[in-house]
Amino acid sequence: MIVGLVIACEVAFWVLLAAGLATRYLLRMPRTSLALLLCEPLLEVVLFAVTAIDLKNGAEPNWRHGLAAVYIGFTAGLGHATIKWADARFAHRFADGPPPARPPKYGTARAVHEWKVAGRWILASVVALALLQAAVWYVGDDGDTGSLRVWQTRMLWVIGINALIAASYTLFPKKAPARSD
């Protein structure tokens, strides 16, 4: 049931996003669009509540509960950036908006961009870690929380990999090609 709800939340995220952007740019109804986009966090609240109820009713914690926590964390950390990304492309395609900005390719500007991206992934992982730890405490010593601990280890790997990628752009910045005039 939890996995099905995670999938339903992901589908609903994209449906609400498409409906919100279509309402904003095609139907020219910005308030309705805002209302649709503000429904996005409700999906995670429902998933959180159902997961907590499942654990409260005695379900043994497993990878499904960990997946729910990770999904909520990633939506918290990456959801806003995803909405901004889609909004820029939708505005350009359907509302004569400017072309979406491309990330910088070289030097310090690229390193700053990579740290911002890493920051979003790290935030997502930290939120997931906190939710997983809350689930471990919620279950207590009576339950087997090993599967939740596995998810925590994975989130630590995500943090490390993203920090390493961003650091590589800082320590070894890509240089712009030499101009030949």
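**Figure 1. Surroundings of threonine 51 in the predicted model.** Leaving aside residues up to four places away in sequence, threonine 51 touches Ile2, His65 and Ala68. The model shown here and in the other views is predicted, not experimental. Threonine 51 belongs to helix α3, which covers residues 40–56. Its relative accessible area is 10%, under the 20% limit, so threonine 51 is buried.

**Figure 2. Contact of helix α3 with helix α4.** The axes of these two helices come within 10 Å and cross at roughly 170°. An angle over 145 degrees counts as roughly antiparallel, and α3 and α4 are therefore roughly antiparallel to each other. On the α3 side the contact is made by Glu40, Glu44, Leu47, Phe48, Thr51, Asp54 and Leu55. On the α4 side the residues are His65, Ala68, Tyr71, Ile72, Thr75 and Ile83. Sorted by class, the contact of α3 with α4 has 7 nonpolar, 3 polar and 3 charged residues.

**Figure 3. Contact of helix α1 with helix α2.** Helix α1 is made of residues 2–25 and helix α2 of residues 30–38. Their axes come within 8 Å and cross at roughly 170°. For this reason α1 and α2 are roughly antiparallel to each other. From α1, the residues Leu16, Leu17, Ala19, Gly20, Leu21, Thr23 and Arg24 take part in the contact. They meet Thr32, Ser33, Leu36 and Leu37 in α2. By class, the contact of α1 with α2 has 6 nonpolar, 4 polar and 1 charged residues.

**Figure 4. Two loop residues with positive phi.** Most residues other than glycine have a negative phi. Arginine 28, in the loop between α1 and α2, has a positive phi near 55°. The relative accessibility of arginine 28 is 58%, so this residue counts as exposed. Aspartate 96 is also not a glycine, and its phi is positive at about 55°. Aspartate 96 is found in the loop between α4 and α5, where α5 is residues 107–139. With a relative accessible area of 76%, aspartate 96 is exposed.

**Figure 5. Aromatic rings of phenylalanine 90 and phenylalanine 94.** A pair of aromatic rings is described by the distance of the centres and the angle of the planes. The count for the model comes to 4 aromatic pairs. In the pair of phenylalanine 90 and phenylalanine 94, the ring centres are 4.6 Å apart and the planes stand at 45°, so the pair is tilted. Both residues lie in helix α4, which runs over residues 63–94. They are 4 residues apart, about one turn of the helix. Phenylalanine 90 has 17% relative accessibility and so counts as buried. Phenylalanine 94 has 40% and so counts as partly exposed. Ring pairs link Tyr25, Phe90 and Phe94 into a cluster.

**Figure 6. Arginine 154 and tryptophan 151.** Arginine 154 lies over the face of the tryptophan 151 ring. The distance of arginine 154 from the ring centre is 4.7 Å.

**Figure 7. Alanine 81 and arginine 120.** Alanine 81 is a residue of helix α4. Its relative accessible area is 23%, so alanine 81 is partly exposed. In sequence, alanine 81 and arginine 120 are 39 residues apart. In space, their C-alpha atoms are 8.3 Å apart.

Conventions:
Residues numbered from 1 in each chain as written. Predicted model: local features only at pLDDT ≥ 70, side-chain atom pairs only at ≥ 80, totals over all residues. Heavy atoms only, no water. Axes fitted to C-alpha atoms, helices over the stretch in contact; angles between N-to-C directions. Parallel < 35°, antiparallel > 145°, perpendicular 65-115°, else oblique. Contact = heavy atoms within 4.5 Å. Nonpolar A, V, L, I, M, F, W, Y, C, P; charged D, E, K, R; others polar. Phe/Tyr/Trp six-rings, centres within 6.5 Å; stacked < 30°, edge-to-face > 60°. Buried < 20%, exposed > 50% of the residue type's maximum accessible area, 1.4 Å probe, protein only. Lys NZ or Arg CZ within 6 Å of the ring centre and 35° of its normal.
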